[in-house]
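Dear colleague,

Here is the structure I promised to hand over, with the sequence alongside. My notes on what was found follow below it.

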Amino acid sequence: MNTPIDPDPRTWLTDERCELLLRLTSSARPLLIQAGLWRATLSYWVREQVSLEVCWDSEDEQRKLDELEADWNAKPSRNHQNLERDVLRAKLRVAPAALMWSQKQWGHRLESVFLQCKNQLDRSSCRLIRLRSKPLATELYHRIKAGETTFEVAARDYGEGPERNQNGLIPLQPLGSMPFGLAPVLEHLEQGKVSQPLRLGKGFCLVELVESQKSQLDETTSEALLGEQLRLWIDSVVDLAEATLGWSKA
C-alpha cells in the first residue's frame with residue numbers, strides 16, 4: 001500500500017508544531033530511546049495532534065466517550081493506570097477523532113485503495129503438511145485423493161511443523177498475513193481441494209483450502225484501510241520530524 005501524499009507532511013509539520021514537540025520531548029528523549037519507545041511516542045503525538053483538529057457534535061462526542069470510558073473501566077487490567085478522568089477521556093478521544101480525520105483526508109479514495117490491496121484482504125484458512133521427503137509427500141497426496149486417509153490424519157501423523165498439533169490447520173486470516181508464502185497457492189485452490197506436492201523452503205508441502213472469504217468494503221474494512229493510511233502517513237511525518245530536528249543523526 002502506497003504512502004498517502006496528502007496532506008503534505010512538510011506543510012502539516014509547521015514550525016509551531018516542531019517547537020511544541022521539542023518542548024514536550026527534549027528532556028525525556030534519552031530515556032524513551034533507551035526504552036525503545038521513541039518512535040512510538042512521536043507517532044502517538046502526531047496521532048493526537050490530528051485528533052485535535054477534529055470537531056464533531058458535542059452530544060455525539062460525549063456519548064462516544066461515555067461508551068469508551070465504560071469499556072475501559074470494565075477491564076480490570078487497565079485499572080492500575082490510575083488516570084485522572086479528564087486525562088482518560090482525552091486519551092480515549094484520540095482514536096475515534098483520528099479516524100474521523102482520516103475519513104476526511106482519504107475517504108474519497110478509499111475504493112481505489114481497497115481495489116489495490118483487495119487480494120491481500122481476502123481471508124482464507126487452510127491445512128498444511130510440511131515434509132522433508134518428496135516421495136512421502138507424493139504418496140500422501142495420492143492417498144488423500146483416493147480417500148484412503150484424510151488430510152487431518154495425514155497432517156497429524158506425518159507433518160513436521162508445529163501445525164501438526166492442530167491437524168495441520170492454519171486459522172482464517174487475511175491472505176496478506178498467511179505464512180510460508182501460501183497466499184498465491186490458496187488463490188488458485190478450490191475449497192476442499194488439495195494441492196500437489198509443492199516446494200517449501202528446503203522441503204515440500206501439501207495444502208488444502210478449508211475456507212475462503214472474499215473481502216468487502218464494509219465498515220470494518222474501511223476503518224482498517226483508513227487506519228493503515230494514517231499509519232503510513234504518520235510514519236512519513238515522524239521521518240520528517242527526525243530529519244528536521246536533527247534527531248535522525250543521533
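**Salt bridges and where they sit**

R127 is buried, at 15% relative accessibility (buried means under 20% relative accessible area, exposed over 50% and partly exposed in between, with a 1.4 Å probe and protein chains only). Please keep in mind that this is a predicted model, in which local features need pLDDT of at least 70 and side-chain atom pairs count only at pLDDT 80 or more, while totals for chains, interfaces and linings use all residues. Residues are numbered from 1 along each chain as its sequence is written, and side-chain values use heavy atoms, with hydrogens and water left out.

R127 forms a salt bridge with E152, and the closest N and O atoms of the two are 3.7 Å apart (a salt bridge is a side-chain nitrogen of Lys or Arg within 4 Å of a carboxyl oxygen of Asp or Glu). This pair links distant parts of the chain, since R127 is in strand β1 (residues 123-131) and E152 is in helix α9 (residues 151-158), 25 residues apart; helices (H or I, at least four residues) and strands (E, at least two) are DSSP runs, numbered from the N terminus. E152 counts as partly exposed, with 29% relative accessibility.

The salt bridge between D235 and R231 has its closest N and O atoms 3.0 Å apart, and both residues lie in helix α11 (residues 219-244), four residues apart, which is about one turn of the helix. D235 is partly exposed at 24% relative accessibility, and R231 is also partly exposed, with a relative accessible area of 34%.

The side chains of D122 and K118 meet in a further salt bridge, at 3.5 Å from N to O. Here D122 is buried, with a relative accessible area of 4%, whereas K118 counts as partly exposed at 23%. A network of salt bridges links D66, E69, R85 and R89, and the count by this rule comes to 17 salt bridges.

**A buried serine**

Turning to another residue, S51 is placed in helix α4 (residues 38-51) and counts as buried, at 2% relative accessibility. A polar atom of the S51 side chain lies 2.6 Å from the backbone oxygen of E48; a polar contact is a pair of N or O atoms within 3.5 Å, where within protein one must be able to donate a hydrogen and the other to accept it, and residues adjacent in sequence count only if both atoms are side-chain atoms. Leaving aside residues up to four places away in sequence, S51 touches R93, V94, A97 and A98, contact being heavy atoms within 4.5 Å.

**Backbone and cysteines**

Two residues may deserve a look at the backbone. N167, in the loop between α9 and β2 (169-174), has a positive phi of about 55° although it is not a glycine, and N167 is partly exposed at 25% relative accessibility. F180, in the loop between β2 and α10 (183-187), has a positive phi near 65°, again in a residue other than glycine, and its relative accessible area of 38% makes F180 partly exposed.

Finally, a search of the whole structure finds zero disulfides, a disulfide being a pair of cysteine sulfur atoms within 2.5 Å. C55 is exposed, with a relative accessible area of 74%, whereas C117 counts as buried at 12% relative accessibility.
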